[in-house]
Amino acid sequence: MLGLDHWQETAYFALLDGPALGMDELVGRSGVEHDTLKGALTRLEDRGLISRLSGKPTRWTALPPEHAIEVLLLAGERDIRRVRALTQWLAEKHRKGRIGQDAAALIEVITGPEGVARCGQQLFNSAEREVRGIDAPPYAQAKDGSSVNSSANVHSRGVRTRFIYGQDNLTLPGTIGRIEHDLAHGEEVRILPHAPMKIILSDEQAGLIPLVATPQVLDSCILVRPSALLDALSALFETLWQQAQLYVTAGITESEPAGALTEDERRILSLLAVGLSDEAIARQLGIGLRTVQRRVQALLVRLGAGSRFQAGVLAAGRGWWQPQR
């Protein structure tokens, strides 16, 4: 981690474990040849990890690691800042170099499920600030079985993710489980009655949309680079995001005595809030339809509601469901 090779590390540990040593003593203790050891010691001294003592014969000693390594870390941080500044300069040069290019250079057609999956994952991997998208089937999958995924990989790097789901998409097996997994990793999710198209947007640098508006198989997409079209896709997403309903299981709170709502009742109430039918809720939670119907009816009775709409109003009034935009 400190950037030392095998010989430098061997020499350093030989000095770290004991008193100051001369060249012959170090050769004997480390087993490193004289010429190789000489170069390793010079490198360690340059990095501030060891010091050469005055007097004859020359001896070396390890400096206190906590101070020496702190200096190396500060130097590493300076290098990282320089690289980031260089990256911004290169990106700006790259952007300016493409102003006025043919429209064809701003759009690339990606073909084949493998290529689409790899391109989508690359958008997630390259994002520095935010990934936005509209999630809808079908889904591309690479030959090795990997599919485009956002949650843990992106959030471990501090990248924000916002995704919109169509209400009909929530009825697909496993969708709710995947959403709740991504929510646990910090993803923000909202629901629309219908998702108009599938989109992935990486920062303001690239977007991916299907070549066909409603494909049966996702085997071709358009990669859009910075342009008026990418700006339009970004504006479309933000408009839909404002119109969409928040989905967040953590928004269900407990204002009644402990045990007033079970975990299943909380999940059912959350799914009712985004408009899922009893059949869809049963599929998503892996429980029987009659069980869902009984629990929904029990919630209506407890709330004194005559309809689902009234139940939603009363649940919000009791503090059972309070998602915040």
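The chain has twelve helices and eleven strands, where helices (H or I, at least four residues) and strands (E, at least two) are DSSP runs, numbered from the N terminus. This is a predicted model, in which local features need pLDDT of at least 70 and side-chain atom pairs count only at pLDDT 80 or more, while totals for chains, interfaces and linings use all residues. Residues are numbered from 1 along each chain as its sequence is written, and side-chain values use heavy atoms, with hydrogens and water left out.

**Confidence**

- The mean pLDDT of the chain is 80, and 86% of its residues reach 70 or more, pLDDT being the predictor's confidence in each residue, from 0 to 100.
- Over residues 250-259 the pLDDT is below 50, yet this stretch has 25 contacts in the model beyond near neighbours in sequence, a contact meaning heavy atoms within 4.5 Å.
- Confidence in the chain is highest in strand 8 (residues 199-202), at a mean of 93, and lowest in helix 6 (residues 151-155), at 62.

**The chain as a whole**

- Of the 325 residues of the chain, 37% count as buried; buried means under 20% relative accessible area, exposed over 50%, and partly exposed in between (1.4 Å probe, protein chains only).
- Among contacts in the chain with a separation of 6 or more, 68% are between residues 24 or more positions apart.

**Helix 1 and helix 2**

- Helix 1 (residues 6-16) and helix 2 (residues 23-30) pack at an angle of about 105°, with their axes 10 Å apart; axes are lines fitted to C-alpha atoms, for helices over the stretch in contact, and angles run from 0 to 180 degrees between N-to-C directions.
- Helix 1 and helix 2 are therefore roughly perpendicular to each other, since angles of 65 to 115 degrees count as roughly perpendicular, under 35 as roughly parallel, over 145 as roughly antiparallel and the rest as oblique.
- Thr 10, Ala 11, Ala 14 and Leu 15 of helix 1 make this contact with Leu 26, Arg 29 and Ser 30 of helix 2.
- The residues of this contact divide into four nonpolar, two polar and one charged, where Ala, Val, Leu, Ile, Met, Phe, Trp, Tyr, Cys and Pro count as nonpolar, Asp, Glu, Lys and Arg as charged, and the others, Gly among them, as polar.

**Helix 9 and helix 10**

- The axes of helix 9 (residues 263-273) and helix 10 (residues 278-285) come within 10 Å and cross at roughly 135°, which makes helix 9 oblique to helix 10.
- On the helix 9 side, Arg 267, Ile 268, Leu 271 and Leu 272 meet Asp 278, Ile 281 and Leu 285 in helix 10, and the residues of this contact divide into five nonpolar, no polar and two charged.
- Helix 10 is mostly covered, with six of its eight residues buried, including Ala 280 and Gln 284.
- Gly 286, whose phi is positive, near 70°, follows helix 10.

- Glu 238 lies in helix 8 (residues 228-243) and is partly exposed, with a relative accessible area of 25%.
- Not counting residues up to four places away in sequence, Glu 238 touches Arg 132 and Arg 162; the C-alpha atoms of Glu 238 and Arg 132, 106 residues apart along the chain, are separated by 9.3 Å.
- Asp 219 lies in the loop between strand 9 (206-210) and strand 10 (220-224), and at 37% relative accessibility Asp 219 counts as partly exposed.
- Leaving aside neighbours within four places in sequence, Asp 219 is in contact with Ile 110, Thr 111, Gly 112, Pro 113 and Val 116.
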